[in-house]
Amino acid sequence: MFALLAAPTFIDSLLLKFFSEQTVNYVIWPFIQIGLVVVITTGWVAYATYLERKISAFMQARLGPMRVGPWGLLQPIADGLKLLTKEDFVPENADRWIFFVAPYIAVVAAFIVMAVVPFGPDWAVITDVNIGVLFVLAVSSVGVLALILAGWSSNSKYALLGALRSSAQMVSYEVSMGLAIIGALMFARTLSLSGVVTAQGSDSIWFLFYQPIGFAVFLISGIAENNRAPFDLPEAESELVAGFHTEYSGFRWSLFFMAEYAAMVVVTAVATTLYLGGWYFPWVWRLEAAGYHNLYVVVSLLVFLAKAGLLLYLYFWLRWTLPRFRYDQLMDLGWKWMLPAALINIVVTAIGVAVIQGLNGGGRTIDQVQVSSGLGLTATGKAIAIGFGIVNLLLTAGILSLINWRSRDFNLKKQRRQIRLVDLPKGKPAVAPVSSESAV
Amino acid sequence: MPLVAVPKPTLTQKLKRFFMVDLLKGLAVTLGFNIGALTDRDAVAGKGIYTEQYPKVRPDVAPRFHGAPRLNMDPETHDTLCIACNLCALACPEDCIDVIPMDVEVVVAGKPRRKKVLDEFIFDTSRCMFCALCQEACPTYCLELTQDFELATYSRAGFVWNREMLEQGRETVKYKS
């Protein structure tokens with residue numbers, strides 16, 4: 001274990017014999033990091049499929065994959081080999097180039113976000129982009145473009161319907177997803193993902209407690225962005241065969257599959273970073289203080305993976321609990337519930353931050369304001385922020401029920417109440433009663 | 001006049017919907033099954049795993065289950081117990097049994113006699129409905145429907161069992177557990 005931790009310095013000294021220090025620091029190490037992250041993410045994705053199958057099986061009183069390896073642990077590898085050897089089928093009159101390129105767009109969009117996710121402190125971060133959150137939002141929504149392109153180019157009605165649904169779904173969650181993050185950023189005072197984690201670490205609190213509404217809205221939008229049940233309208237296997245990837249087979253299909261799981265991993269990672277404290281965990285910093293730097297990084301990495309894994313489990317859990325939302329229900333949820341909730345969250349959080357800053361005479365609520373390491377709240381300040389979070393919950397609930405009290409039952413029920421038979425005067429039955437003469 | 005009468009929700013229903021009680025109930029059900037699968041492996045409490053690992057683990061069939069037919073033999077001499085009386089063929093409602101006897105010359109009390117013994121026994125399992133009336137009819141407890149249930153073959157002809165198959169049993173691949 002410790003030999004493994006000593007390895008980076010050894011490789012570093014080995015590389016310095018062949019390359020200059022700049023080359024090693026800015027070219028070779030990043031490539032090693034990227035390679036590691038790609039490998040780890042791929043492994044994570046593969047075993048996310050395994051876990052999904054196992055957990056779904058357990059929830060249905062089944063066993064799941066059991067035949068390949070002990071407890072079916074080699075099943076992802078067997079699946080991968082099978083998909084690699086299958087025929088790569090292109091439908092007639094398909095838009096060939098777009099059809100070929102779409103899966104790669106999906107995979108790249110999902111994997112590239114991993115570059116800015118801080119898996120841990122120090123060397124577990126590949127790049128610390130100072131607009132990391134914006135980067136994540138921008139790149140992960142490119143994945144939807146891949147779905148639209150795939151559906152459009154397939155020359156199949158099911159795929160096209162899936163793509164249409166995907167594009168309509170995108171506009172209804174993307175806005176509230178972006179707005180939900182803003183509340184957390186007000187406390188973090190930075191867009192860098194590492195900065196967000198540092199802010200939570202210096203406050204020793206998770207932003208989940210300040211931002212319950214923001215977390216809920218972000219998570220729901222994230223599930224919608226990943227096309228996971230209950231929002232898997234673009235796939236909708238019971239309605240649209242397989243939705244946008246109906247016509248894909250073999251390796252290209254597996255790329256879409258990988259993209260879906262990688263996007264899930266990304267959203268859980270970003271949600272962990274923004275709301276669950278990222279790699280921060282109480283008392284882990286003592287390892288750093290005791291001089292075990294690499295061990296500290298590894299433990300932080302494991303903390304991060306554990307938190308993201310919990311959220312991933314939530315994904316599976318929701319998928320096997322909830323039935324699919326109807327198309328208009330998703331629109332309803334996105335525009336009438338999540339968007340107002342995100343907006344209210346921003347306003348209340350802004351007021352909260354202003355109140356905390358206003359009360360700060362003599363350092364009662366804020367320790368010291370630093371650039372890019374959060375607000376640095378004292379205990380009083382934290383209590384006020386958490387209080388605002390709870391008030392926010394109640395206020396949002398109230399306002400949402402006020403907005404939606406007329407459309408509480410989704411539209412169809414409302415319409416059913418008002419269905420009347422057309423072209424008939426009121427009070428007369430629709431079918432004329434059969435008279436006694438004609439019956440004889 | 002509304003075609004479908006949709007009742008307005010009561011206050012309790014509204015509160016339930018507001019706090020998402022049904023969603024939480026559903027989550028509790030799935031979580032209960034997930035925990036049950038990890039703890040209660042033999043589905044004792046009704047929430048464990050019901051799947052049988054079939055080729056590795058043989059299932060327990062019901063005690064009155066009737067499966068593959070068998071012709072029993074004398075355990076010491078390995079002579080067949082069948083006396084070719086044809087009662088099983090007569091009892092069979094599906095007419096799927098053919099008992100083919102042959103005559104042999106035997107000497108009983110110093111006098112030559114002819115005797116029917118079993119030559120060939122044809123049992124068509126594709127027509128059999130496993131009612132075990134043949135087993136009931138057998139006077140020597142020779143024909144018996146065992147609890148073996150692996151009767152699938154690759155061809156229709158494979159369903160017709162001859163005397164050797166009935167006496168020795170059919171060879172199937174046995175998986176190691």
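Which residue follows H1(B), and is its phi positive or negative? The residue is B:Met20, and its phi is positive, near 55°.

## About the model

This is a predicted model: local features need pLDDT of at least 70, side-chain atom pairs count only at pLDDT 80 or more, and totals for chains, interfaces and linings use all residues. Residues are numbered from 1 along each chain as its sequence is written, while chains are lettered from A and ligands numbered from 1 in the order in which they are written.

## Chain B

Chain B is divided into domain 1 (10-51) and domain 2 (69-168), the bounds coming from an automatic or database domain assignment. The C-alpha centres of these two domains of chain B lie 54 Å apart.

## Chain A as a whole

Chain A has 17 helices and zero strands. Both are DSSP runs numbered from the N terminus: helices are H or I with at least four residues, strands are E with at least two. Of its 440 residues, 39% count as buried. Among the contacts in chain A with a separation of 6 or more, 76% join residues 24 or more positions apart; two residues are in contact if their C-beta atoms, placed from the backbone, lie within 7 Å.

The domain assignment of chain A gives domain 1 (18-85) and domain 2 (86-330), with 17 Å between their C-alpha centres. Their contact takes 19 residues from domain 1 of chain A and 16 residues from domain 2 of chain A. On the domain 1 side, H2 and H3 of chain A are the elements that give two or more residues, and H2(A) gives the most, with 14 residues.

## Helix H2 and its partners

H2(A) (residues 21-59) packs against H3(A) (residues 75-84) at an angle of about 110°, with the axes 9 Å apart. That makes the two helices roughly perpendicular, a term for angles of 65 to 115 degrees (under 35 is roughly parallel, over 145 roughly antiparallel, and the rest oblique). Axes here are lines fitted to C-alpha atoms, for helices over the stretch in contact, and angles run from 0 to 180 degrees between N-to-C directions. On H2(A), A:Ala46, A:Tyr47, A:Thr49 and A:Tyr50 meet A:Gln75, A:Pro76 and A:Gly80 of H3(A).

H11(A) (residues 250-275) is another partner: its axis and that of H2(A) come within 9 Å and cross at roughly 105°. These helices are therefore roughly perpendicular to each other too. H2(A) makes this contact through residues including A:Trp44 and A:Val45, and H11(A) through residues including A:Tyr261 and A:Met264.

## Helix H14

H14(A) (residues 327-358) has 32 residues, which at 1.5 Å a residue should span 46 Å; the end C-alpha atoms are 45 Å apart, which agrees. The expected span is 1.5 Å times one less than the number of residues. A kink of about 30° lies at A:Met338, shortly before A:Pro340, the bend being the angle between axes fitted to the seven residues ending there and the seven starting there.

The buried residues of H14(A), among them A:Leu330, A:Met338 and A:Ile356, pack against H7 (157-188), H10 (212-225) and H15 (379-403) of chain A. A:Met331, also in H14 of chain A, counts as partly exposed because it has 17 C-beta neighbours inside 10 Å. Its C-alpha atom is 8.4 Å from that of A:Tyr173, 158 residues apart along the chain.

Note on methods:
A residue is buried if 20 or more other C-beta atoms lie within 10 Å of its own, exposed if 12 or fewer, and partly exposed in between; C-beta atoms are placed from the backbone.
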